[in-house]
Amino acid sequence: MALAHNLGFPRIGRDRELRARHWQMQKDAGIELLPVGDSAWYDQVPPHSLSTDDQQFAQHWEQLFEEVKEAKALGHAVKPVVIGPLTYLWLGKKNGSDLDELELLERLLPLYDQALNRLAALGVEWVQIDEPILAQDLPQDWKNAYERVYNILQRAPLKKLIAIYSGGLEGNLGLAVNLPVDGLHIDLVQAPDQYPTILDRLPAYKVLSLGLVDGNNASSCDLEKTLDLLRDAHDRLGERLWVAASCSLLHSPVEQAVQKCQEVVLLASAINQAATYELRATA
């Protein structure tokens, strides 16, 4: 059955009561796997390279661990959200660092590995790792780094969903589908043409999360057209099909974010009901 999940919800800082209300809003809308810690990373984008920002980097992780514990204590099924290591370094590059950011991987990867293992120890099954720079035209040395990075991070005993949004994979498609992770999220609002190629090339063990609801626009999605695509995806993926908004709802008004969650749930429920009906009809 298709799973309804969310990539991120409007930022709330460190207000615990408001954070709990936002989790409940998503659960009430029908979201089955809640993003946790998304604001821990995105309240402040890393302003410098890692070499000058170790303390802030550690604080992001500590806030994430705290929120995971809070959400699980409230009975929520959670999916922690973190910035992927290469996107993290790319942000430092774009903010004016004179260093070769890829040289910092030797320091960064052990920190990620430790943190992912700690999340696993907290009972986390899935973690969402945002790597939106895979939708960009990357230098070859950055492309080469991806396989090495995720071969190291795959050792942590929890499942990893790589989230790519704000565009299509294009020249990075082969790289992304073959990363040693358990699932991919793709943006089919801004890049609908990538769907058939990704579906054809996706390894048989991987989850594919389809971003079908426009996370950047208040208008509703075309449910009839979207359901046609979902039927095809469900026929081919079965329980490996996840449904979500195209991107995080972090910058949306809360009311709009709830509406988007409801649309995601409506799509997942409709395709699940159709699949159940067809199964009963053939029994």
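A: A crossover is right-handed if, with the strands pointing away from the viewer, the path from the first strand over the helix to the second runs clockwise. The model is predicted, so local features need pLDDT of at least 70 and side-chain atom pairs pLDDT 80 or more, while totals for chains, interfaces and linings use all residues. Residues are numbered from 1 along each chain as its sequence is written, and side-chain values use heavy atoms, with hydrogens and water left out.

Q: Which elements make a right-handed β-α-β unit?
A: Strand β4 (residues 126–130), helix α6 (residues 140–153) and β5 make that unit; helices (H or I, at least four residues) and strands (E, at least two) are DSSP runs, numbered from the N terminus.

Q: What makes β4 and β5 a pair?
A: Two strands pair if DSSP finds at least two bridges between them, and β4 and β5 have five, in the parallel sense; Val-127, for instance, has Lys-160 of β5 as its bridge partner.

Q: What makes β5 and strand β6 (residues 183–187) a pair?
A: Three bridges join them in the parallel sense, and the bridge partner of Ala-163 in β6 is His-185.

Q: Why is strand β5 called largely enclosed?
A: Buried means under 20% relative accessible area (1.4 Å probe, protein chains only); four of the five residues of β5 (residues 159–163) are buried, so the strand is largely enclosed by the rest of the structure.

Q: What is the strand order of the open sheet, and why do β1 and β2 stand at the edges?
A: The eight strands run β1-β8-β7-β6-β5-β4-β3-β2 with parallel pairing. β1 (3–4) and β2 (34–36) each have a single partner strand, so one side of each is left without a neighbour in the sheet.

Conventions: Buried < 20%, exposed > 50% of the residue type's maximum accessible area, 1.4 Å probe, protein only.
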